[in-house]
Amino acid sequence: MVEVVLKNGTIREYKEGTALLDIAKDISPRLAKEAIAAKVNNELTDLTSNLNENAEVEFVDFNTEEGQEVFRHSTAHVMAQAVKRLYPEVKLAIGPSIENGFYYDFDLSQSFSLQDLEKIEEEINKIIKEDYSFDKYVLPRDEALDKFKNMGEDYKVELINEMPLGEIISCYKQGEFEDLCAGPHVPSTGRLKAVKLLSVAGAYWRGNEHNKMLQRIYGTSFPKKTHLEEYLHRLEEAKRRDHRKLGPELNLFSMHEEAPGFPFFHHKGIVVWNNLENFWREEHLKKGYQEIRTPIALSRQLWEKSGHWYHYKENMYFTNIDDNEYAIKPMNCPGGMLTYKSNLHSYRELPIRMGELGLVHRHELSGVLHGLMRVRCFTQDDAHLYMLPSQVKDEIIGVINLVDYFYKTFGFDYHVELSTKPEKAMGSDEIWEMATNALIDALNTNGVNYKVNEGDGAFYGPKIDFHLRDCLDRTWQCGTIQLDFQMPQKFDLTYIGEDGEKHRPVMVHRTIFGSIERFIGILTEHFAGAFPTWLAPVQATILPITDRHQSYARELSEKLFDMGIRAEVDDRNEKINYKIREAQTQKIPYMLVVGDKEVEDATVSVRHRSRGDLGARPVNEFIECLKEEINKKAIESSC
RNA sequence: GCCGGCGUAGCUCAGUGGUAGAGCAACGCACUCGUAAUGCGUAGGUCAGGGGUUCAAGUCCCCUCGCCGGCUCCA
């Protein structure tokens, strides 16, 4: 007998070699039905595997991240099986689960159309009905190599060849289909109730652009049809929040074929922009930042000195002035260096925090442009911090806290990534290690969770990135903190130390918004265009019922204007319902309806875009409340 | 940049090789109205651009541009 300790602490005994699935059945039929895999001594395992020793056992269902991963991964296998049935000459690459679904990469000469996806989906449903069990088996390396060579699965052969020598090679078989796989999987294909294939896209083998481009089919799956439908519905809803749709609709910005990747901001977009800038300036002044501005075009020699000429040239734009070559700045730092160097600095001044809202231009590949999120010119809320080595940790902690404060003001969740030395890097390994450890130290001190991206750092130093999510759960890097031991050296930056000698300061590049353009994109999607009142391009619209209420409406509007509130009067000859509808679609926070009653009582009837009709209030009382809401930068409205 | 898809009025979309359409928006007129669309009328098009096939092309073919979904890259 073996002893099983369940998650709730109860202990049960089973015959040695009992399958985990049978244990689940013994505990409850429902558990057996809902369990996707099991964790034996914290290791994820197939339900079909047997228990041979005492162990802690936990059953994993679709409500857990691991359960979803296993479920989607199994679906990917079934999709590969379906594709193989329909296109026997196809070669399989890899097929992992991803957030919200799965994909599988295929090498096939003909390209998949949307109709093909439907056919594949039908075949998947057949395989689900046929309810094959997922059977695991292990085999020695040579046999595995022979097997997949004979099958013509070149990509699998490549994968096996790269596995460490001692590694156990396992395969899973369902029906006629076999695939190299570490597992685990659901017990049988019948478990995969609701599957939907979503899109086809090109993807390079192993993510390397020099490799062959394969066809990637994306899909998702759920244990219940209704859950799939809910998910698809949510996707549709999310598309309505897309800033590329809302931006032009709300008259925030527009994009034009004449300038791909270069956004045009309209008045209403600029109002949002200016509010962000004002907030930024206020908070940075409080934190001891100076503000500078440096030119957009700087000479070739400067970029050679900074290293951009050698490490970043393919992303830069160039121009000639009086027969000399200039580059349009893709980053603000070299200009910042020159600014620092125009004065002599004492150690007493450090840390110096020099901010710049700098417009940078980068030549991005045409295929990556994406509304305001990925553009070819953008305004970085940059700053360069110059400090003593002993100040590094505190300065980084200061920036981490500032980012947190900013993002909290907008109600954003974010995640943090740490990027280490890339292949194309300046500087020695020792310097990189020191810099990277400084960042790690600061993160740990602040108790920040972070993910490590090996080799993803900037060419001049490692970085901490802050990522925000868009409406479709894609994440975008916004804030960043980059340590730089290179630039100060290249530009021979110095400060005069206590000893009267020149010393080299440490430098940090950092942004909070990242790019104002991208941040406005994220903001738009996060609030679905219904910006908090302090950011809203129009904060209140006054709606007179008829012509005879227009003078009262205009008086009110002037009063609001004098109090610094952005208000409009809709004096068009339309019914009140019509005006309200339009104000609603424009997502204006407050609608102030004025008619006979309001004129007589010196009140306004307040309607909020999401809270509806709130009734009449004295004008002054409402204005005070609104001012307060705006000053507090409240996310929720309360007037 | 690469793979695939898409491009008709300001917006959303019809249009099966044979005279370019609808709704909304815009503009004009009437209605003076109480919390999400008043009625009638008018105007609006190089069917992304260029080339080709055809008696005839929005429709079929080729090229270019842009957009969308990914990959690579990145704030």
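Select helix H13 (residues 392-410) together with helix H14 (residues 429-445) in this predicted model, and you will find the two packed at an angle of about 55 degrees with their axes 9 Å apart, where axes are lines fitted to C-alpha atoms, for helices over the stretch in contact, and angles run from 0 to 180 degrees between N-to-C directions. That angle makes H13 oblique to H14, since angles under 35 degrees count as roughly parallel, over 145 as roughly antiparallel, 65 to 115 as roughly perpendicular and the rest as oblique. H13 passes H14 in a right-handed crossing, the near helix being turned clockwise from the far one by less than a right angle. Helices (H or I, at least four residues) and strands (E, at least two) are DSSP runs numbered from the N terminus.

Residues are numbered from 1 along each chain as written, and chains are lettered from A and ligands numbered from 1 in the order in which they are written. Local features need pLDDT of at least 70, side-chain atom pairs count only at pLDDT 80 or more, and totals for chains, interfaces and linings use all residues, while side-chain values use heavy atoms, with hydrogens and water left out.

Next, select the open sheet of three strands ordered S19-S21-S20, with antiparallel pairing; two strands pair if DSSP finds at least two bridges between them. Its edge strands are S19 (297-299) and S20 (317-321), each pairing on one side only. Five bridges join S20 to strand S21 (residues 324-328), and Phe318 has Ala327 in S21 as its bridge partner.

Move on to a second open sheet of three strands, in the order S11-S12-S13 and again with antiparallel pairing. Here S11 (135-139) and S13 (177-180) are the edge strands. S11 pairs with strand S12 (residues 169-174) over five bridges, and Leu139 stands opposite Ile169 in S12.

Of the 58 residues around RNA strand B, Ser366, Arg374, Gln477, Asn573 and Glu598 come nearest. The residues of this surface divide into 19 nonpolar, 18 polar and 21 charged, with Gly counted as polar.

Conventions: Near = heavy atom within 4 Å.
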